[in-house]
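Please examine the sequence and the model shown below. The paragraphs that follow lead through the disulfides, a loop residue and a helix pair.

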Amino acid sequence: MLTRRLAAALLAAVTAGTALVGCTSGSEESRCAADGSVVTCEPGQRSKTPKVSGELLTGGGYDISRDRGQVVVVNFWGSWCAPCRAEADDLEDTYQATKGSGVSFLGINVQDSKDKALAFEEGRVTYPSIFDPASRQALNFDIPPNTTPATVVLDREGRIAVVIRRAVTRDELRPIVEKIAAESPAPNGAR
């Protein structure tokens with residue numbers, strides 16, 4: 001009996017926590033502008049980013065706090081995902097075009113095997129990816145696995161500015177990233 005109550009309490013806590021994450025959940029979404037599968041939050045409407053950390057596909061660890069002061073573009077992808085393959089070049093092109101403005105990119109590989117994920121990335125992208133086969137990071141962002149690919153743009157304060165719940169193109173993504181980057185200057189020493 002105690003185990004069931006504990007499980008129910010944990011489930012309720014996780015559900016409540018997930019509903020508060022991002023600018024696209026629950027009451028937060030109503031404060032942001034939605035245009036189909038793209039939700040844009042103005043600075044006063046933005047929610048803090050959930051904790052993002054984990055093992056990188058290429059080894060070592062990553063914690064998003066290391067990129068504080070940067071605009072961070074987080075892309076959820078899988079090697080099994082045809083739209084992810086279609087958007088990979090556009091993501092890499094946008095990364096290369098904006099990294100000098102204090103913009104970082106992070107991939108989060110979901111529901112995949114490490115070998116397939118590494119093979120997918122080879123020759124496609126140069127920015128790091130967290131290996132997240134259980135999709136924990138995606139769920140922290142309120143990105144269900146069935147909405148892969150998805151891209152989240154974080155402002156320099158670590159708040160969720162834009163969520164795109166479909167594949168992106170460079171023509172769409174680059175102006176979004178540049179607009180968020182222009183809101184405040186990159187700190188000295190920005191990459």
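**Disulfides, a loop serine and a helix pair**

A disulfide, meaning a pair of cysteine sulfur atoms within 2.5 Å, joins Cys81 to Cys84, with an S to S distance of 2.4 Å. The link of Cys81 and Cys84 is right-handed, with 80 degrees about the S-S bond. Both Cys81 and Cys84 are buried; buried stands for under 20% relative accessible area, exposed for over 50%, and partly exposed for values in between, with a 1.4 Å probe and protein chains only.

This is a predicted model, in which local features need pLDDT of at least 70 and side-chain atom pairs count only at pLDDT 80 or more, whereas totals for chains, interfaces and linings use all residues. Residues are numbered from 1 along each chain as its sequence is written, and side-chain values use heavy atoms, with hydrogens and water left out. The pLDDT, the predictor's confidence in each residue on a scale from 0 to 100, has a mean of 84 over the chain, and 81% of the residues reach 70 or more. Over residues 1-27 the pLDDT is below 50, and this stretch has 27 contacts in the model beyond near neighbours in sequence, a contact being heavy atoms within 4.5 Å.

A search of the whole structure finds 2 disulfides. Besides the link already described, Cys32 is joined to Cys41 with an S to S distance of 2.1 Å. The torsion about the S-S bond of Cys32 and Cys41 is about 100 degrees, so this disulfide is right-handed. Cys32 has a relative accessible area of 8% and is therefore buried; Cys41, at 1%, also counts as buried.

Ser79 is found in the loop between β5 (71-77) and α3 (82-98); helices (H or I, at least four residues) and strands (E, at least two) are DSSP runs numbered from the N terminus. Ser79 counts as buried because its relative accessibility is 13%. Neighbours within four places in sequence aside, Ser79 is in contact with Arg85, Asn109, Asp112, Lys116, Ala117 and Phe120.

Helix α3 packs with helix α6 (residues 170-182) at an angle of about 30 degrees, their axes lying 9 Å apart. Axes are lines fitted to C-alpha atoms, for helices over the stretch in contact, and angles run from 0 to 180 degrees between N-to-C directions. From α3, residues including Asp89, Leu91 and Ala97 meet α6 residues, among them Arg170, Leu173 and Val177. The residues of this contact divide into 4 nonpolar, 2 polar and 6 charged. Here Ala, Val, Leu, Ile, Met, Phe, Trp, Tyr, Cys and Pro count as nonpolar, Asp, Glu, Lys and Arg as charged, and the others, Gly among them, as polar.
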